[in-house]
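Colleague: I'd like to learn how to read strand pairing and a ligand site in a model. Could you walk me through one?

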Amino acid sequence: MSARRVLERADELAAFTEEPGRITRPLASPALDGAMERVREWMEEAGLATRRDALGNLAGRTGEGPGTLLIGSHLDSVADAGRYDGVLGVLIALECVQELPLALELVAFADEEGMRFGSSYLGSRAYLGQLDEADLALRDASGITLREAIGEPSARLAPDDLRAYFEVHIEQGPVLEAAGEPLGVVTAIAGQSHATLVFEGEAGHAGTTPMALRRDAIAAAAEFVLATERIALDEPGLVATVGRVSVPGGAVNVIPGRAEATLDVRHAEDPARGRVIAGLRMIGEALRRRRGVRVRWSPVTEHGTTPLTLADGLAEVLPDAPRLPSGAGHDAVILSGVTDAAMLFVRCKGGISHNPAESVTEEDVAAAIDAAREFVRVAAEKACTT
Ligand code: HGY
Ligand code: MN
Ligand code: MN
């Protein structure tokens, strides 16, 4: 019954989008606000007292402290997203509301993906009161700053007595499906480095500039992309992605003088990620020497690998479930900085995510609800006795 309700609600939330025909819910958009308000109604139907902050996060609370167990995920999305990334965790949290010996808080974060301002986890960081001036000065593609988009940030929305954070999320990878398992216990979240790169060459006339005299920014960027792929293939367990390359104001008959790109590098071990970043910086230096194209490298976010300290507790509830690391980032990275955390993965078809083909089965969602309800009960008991 509740698994069916979760899937129906996910279908309903999929209709909240900035781009009709596909799911796109950026931070501080009417679509995200609409989804938050719909979830707020479901929270209030479940008897929770709700509140929101300036960034757009939504919290719903029931029960009495001392001590709060926090459960939730995010409602923002990438562009042309699937309907379960983040959403499943928020909706399953709603199915976990129960009488506990401490307070239970549900949370729907307003920006985990970082799609609009290019910096992930703004939602969970705002919830904890961690936004700073640099965050508020971030600009979106149309030059609007975060401060202009949300106004002055509110004070921390989070209670001061967090005892544990628990997030249910689709795996977004192929491991559970390959193992024939519906659920997995997440052991750690891979460290990740995000950077923006600007390739500075020289604009020129496409018809008159001999090839040997060019300082072609997009050719240098293309060489950097292929070098990134090669270095990543040579480093076991590493993934590196250039998600966006653009030539501002590019034209068919102009040699690009400037190209911009994004870089995402991840690995379960921080030293390996650091080694690859150093190697890529050297590639940039070689492009300056050989092509006369300077690469300006601006780090955007840096998160070390985050072990989930309540993984063993969750494994007690799911003794037969596989334990696996997460290559995807999650708000549990930020919450792990202030409290113990656990994550439950749910199998998704083909491991596909950040793609409208994202899908889960009602049976797996039902198993996830049962496990999540039981873990919340056990974690609450433990949080009150330690
Ligand atoms: O990029 C990630 O891993 C997450 O989906 N934000
Ligand atoms: Mn995502
Ligand atoms: Mn997610």
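Colleague: How many bridges join strand 7 to strand 12, and in which sense do the two run?

Modeller: Keep in mind that this model is predicted. Strand 7 (residues 191–200) and strand 12 run antiparallel, joined by 10 bridges.

Colleague: Why is strand 12 largely enclosed by the rest of the structure?

Modeller: Here is the general idea on strands first: in a regular strand, side chains alternate between the two faces of the sheet. In this case, strand 12 (residues 258–267) has eight of its 10 residues buried, so the rest of the structure largely encloses it.

Colleague: Now the ligand. Which residues surround ligand 1?

Modeller: Glu112, Glu113, Arg266, Ala328, Gly329 and His354 do. By class, that shell holds three charged, two polar and one nonpolar residue.

Colleague: What are the distances for the polar side chains of glutamate 112, arginine 266 and histidine 354?

Modeller: Glutamate 112 has a side-chain N or O atom 2.9 Å from a nitrogen atom of ligand 1. For arginine 266, the distance from such an atom to a ligand oxygen is 2.6 Å, and a polar side-chain atom of histidine 354 lies 3.1 Å from an oxygen atom of ligand 1. On its own, ligand 1 has 220 Å² of accessible area, and the protein covers 89% of that.

Methods
Residues are numbered from 1 along each chain as its sequence is written. Chains are lettered from A and ligands numbered from 1 in the order in which they are written. This is a predicted model: local features need pLDDT of at least 70, side-chain atom pairs count only at pLDDT 80 or more; totals for chains, interfaces and linings use all residues. Side-chain values use heavy atoms; hydrogens and water are left out. Buried means under 20% relative accessible area, exposed over 50%, partly exposed in between (1.4 Å probe, protein chains only). Helices (H or I, at least four residues) and strands (E, at least two) are DSSP runs, numbered from the N terminus. Two strands pair if DSSP finds at least two bridges between them. A residue is near a molecule or strand if one of its heavy atoms lies within 4 Å of it. A polar contact is a pair of N or O atoms within 3.5 Å; within protein, one must be able to donate a hydrogen and the other to accept it, and residues adjacent in sequence count only if both atoms are side-chain atoms. Accessible areas come from the Shrake-Rupley method with a 1.4 Å probe; for residues, only the protein chains shown count as cover. Ala, Val, Leu, Ile, Met, Phe, Trp, Tyr, Cys and Pro count as nonpolar, Asp, Glu, Lys and Arg as charged, and the others, Gly among them, as polar.
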